[in-house]
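User: Please take a close look at one part of this model for me: the pockets. I'd like a connected account that I can follow with the structure open.

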Amino acid sequence: MRPVLRQLPRPGRRRRRRVLRNRDGPGLRKPAHAGPSQRQLRVAEEIRHVLAGIFSRHEFRDPDLAAAQITVTEVRIAPDLKRATAFISRLGRSDVQVLIPALSRATPYLRGQVAQALRLRSAPDLVFEPDTSLDYAMKIEKLMSRPDVARDLDPDS
């Protein structure tokens, strides 16, 4: 005669809520329009300072960049700190597009300089784009100073 094995009742299984590494598990909601983190802002500002110093010293062998006055207005960096986009402009001139190919040729040198100046695990890839915000601001200022717009904005009318 064989003994009859009885199944013991199992305690009720509770679902475990797991929080993932990037903190987006159930119950945790990220804001819809989360901006850059404090670290991203700090690293981007350091990269801007390094690039501005290099551009002010004119340490280039490329003749297109040797005499160019380049201003780095802003640097935006990806959340993983692997790709940085530097927005550049020229003082008093709007022909920034002609410098973009020369800057892309000088990117390995600039990336090496950034890597020496910053203590990061890996140096970010640099991408240069023209800064059009100053042109846009001048266009808006010109529109706001037109007589028909100024008349509409005048509170006495």
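Analyst: Happy to! The largest pocket has a volume of about 250 Å³, which is the space filled by probe spheres set on its grid points. A pocket here is an open set of points on a 1 Å grid over the protein atoms alone where a 1.4 Å probe fits, with protein on both sides within 12 Å along at least five of seven lines; lining residues have an atom within 4 Å of a point. This is a predicted model, so local features need pLDDT of at least 70 and side-chain atom pairs 80 or more, while totals for chains, interfaces and linings use all residues. Residues are numbered from 1 along each chain, and side-chain values use heavy atoms, without hydrogens or water.

The largest share, three residues, belongs to α5. By type, seven lining residues are polar, five nonpolar and four charged, with Gly counted as polar.

Now follow β1 to the second largest pocket, where α1 (38-57) and β1 are the elements giving two or more lining residues. About 180 Å³ of space lies in this pocket. Its lining consists of P36, Q40, L41, A44, E45, R48, T73, E74, V75, R76 and I77. Here five residues are nonpolar, four charged and two polar.

Helix α1 has a further contact to look at, with α4 (107-117). I47, V50, L51, I54 and F55 of α1 meet Y109, L110, Q113, V114 and A117 of α4, where contact means heavy atoms within 4.5 Å. Of these residues, nine are nonpolar, one is polar and none is charged.

How values were computed:
Helices (H or I, at least four residues) and strands (E, at least two) are DSSP runs, numbered from the N terminus. Axes are lines fitted to C-alpha atoms, for helices over the stretch in contact, and angles run from 0 to 180 degrees between N-to-C directions.
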